[in-house]
Amino acid sequence: MFSFELLPPAKGQGIQSIFNTMDELMEFNPPFIDVTYHREDYLYKQHPNGLLERVAYRKRPGTVAICAAIMNKYKVDAVPHLICGGFTKEETENALIDLDFLGIDNVLVLRGDARKGDPDFIPTPGGHAYATELLAQVVDMNNGKYLHEDIEGSKTNFCIGVAGYPEKHFEAPNFNTDFKWLKKKVEMGANFIVTQMFYNIDRYKEFVIKCRDNGIDVPIIPGLKPLTNKKQLISLPKIFHLDIPEELSSAIEECKTNADVQKVSTEWMVNMCKELIDFGVPVLHFYTMSNPGPTKKIVEQLA
Ligand SMILES: Cc1cc2nc3c(=O)[nH]c(=O)nc-3n(C[C@H](O)[C@H](O)[C@H](O)COP(=O)(O)OP(=O)(O)OC[C@H]3O[C@@H](n4cnc5c(N)ncnc54)[C@H](O)[C@@H]3O)c2cc1C
């Protein structure tokens, strides 16, 4: 099975770009489609007196509505990402109520990235600092427990995913500490794990084996991102602290055009996916960045 992650369009663009991407990918019968969530960033507005005013704005709003539109139009499960950053607990509760009413009962709970310009992740006052806390709130609602204790709430039925890092989260002091938090998330009620992207399949396999040896028995969905340009050899390890195997990086360094890079990447990913299928992965999950072309080329060779 193949599943895909989409980004909401930048503010001001219509939903048609999402439908165009979906139209390209539906032929592969995805069991679900993820839609990312983006915290607000800052804009700096210059006043006539020269002073700069910092204005918060959300560049990619619309996650919940996009999920509802996808489910309505394509009859496929949509999985909104829920993040800690930018939400108070009350706002999170209201968002979860909306999702429940819309019949969207799968969520991927995450801490969220730091805002552009912030050195680290800064929690929203009255919000959550870690995915574990957000997860606890969703689990509470699945048990009918809402923020205000006098409310006798109906039980929601969210199936909850969390992020896992085969090469450790970049802020964690070491792999085992990060792994301890992942185990905690599963013990608290996470139903599935989606991994950070990786290019070294051994890292994924070792990660799954470690999970199984430590009693983590939920599905571990591999996250896959096709490479599209040479700059990613620097940007991806820098942002995500992942290893790009030398064989792949050398082949990409020799490429003259982005089309060459995509060819090398496609071949690498197809081989990796075949090995993942043999390893027994439940589903191959592609980070499309809402650009379906490179993913489609890979999936076509596997379907
Ligand atoms: C599949 C996937 C989808 C993503 N989608 C989005 C998205 O839509 N929007 C977005 O903004 N970002 C997204 N991200 C990025 C993600 O938000 C970042 O990687 C973020 O830095 C960490 O999120 P997390 O949920 O793993 O955080 P956490 O699980 O909270 O972990 C963050 C760090 O704190 C440590 N830690 C965890 N729990 C605790 C605790 N209770 N106490 C102390 N330390 C702890 C961990 O070891 C880790 O180093 C995604 C990542 C993945 C892998």
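Helix 3 (residues 89-102) has 14 residues and spans 20 Å between its first and last C-alpha, close to the 20 Å expected at 1.5 Å a residue. The model is a predicted one. Buried in helix 3 are Thr92, Glu93, Ala95, Leu96 and Leu99. Viewed down the helix axis, these buried residues fall within an arc of 165°, so they line one face of helix 3. An α-helix has 3.6 residues a turn, so residues three or four places apart point the same way. The cover over the buried residues of helix 3 includes helix 2 (63-74), strand 5 (77-83), strand 6 (106-110) and helix 4 (131-142). After helix 3 comes Gly103, with a positive phi near 80°.

The largest nonpolar core holds 86 residues, and the members touching the most others are Ile70, Val109, Tyr199, Leu224, Leu284 and Phe286. Helix 9 (residues 258-279) gives the most to this core, with 7 residues. Leaving aside residues up to four places away in sequence, Val109 touches Leu82, Ala131, Leu134, Leu135, Val138, Ile160, Gly161, Val162 and Ala163.

Around the ligand there are 24 residues, of which Tyr37, Tyr165, His169, Asp178 and Lys185 come nearest. The table gives side-chain distances to ligand atoms.

| Residue | Side-chain atom | Ligand atom | Distance |
|---|---|---|---|
| Thr132 | N or O | nitrogen | 3.0 Å |
| Asp178 | N or O | oxygen | 2.6 Å |
| Lys185 | polar atom | oxygen | 2.7 Å |

Technical notes
Residues are numbered from 1 along each chain as its sequence is written. This is a predicted model: local features need pLDDT of at least 70, side-chain atom pairs count only at pLDDT 80 or more; totals for chains, interfaces and linings use all residues. Side-chain values use heavy atoms; hydrogens and water are left out. A nonpolar core is a set of buried Ala, Val, Leu, Ile, Met, Phe, Trp, Tyr and Cys residues joined through side-chain atoms within 4.5 Å. Buried means under 20% relative accessible area, exposed over 50%, partly exposed in between (1.4 Å probe, protein chains only). Helices (H or I, at least four residues) and strands (E, at least two) are DSSP runs, numbered from the N terminus. Contact means heavy atoms within 4.5 Å. The expected span of a helix is 1.5 Å times one less than its number of residues. The arc is that of the directions from the helix axis to the C-beta atoms. A residue is near a molecule or strand if one of its heavy atoms lies within 4 Å of it. A polar contact is a pair of N or O atoms within 3.5 Å; within protein, one must be able to donate a hydrogen and the other to accept it, and residues adjacent in sequence count only if both atoms are side-chain atoms.
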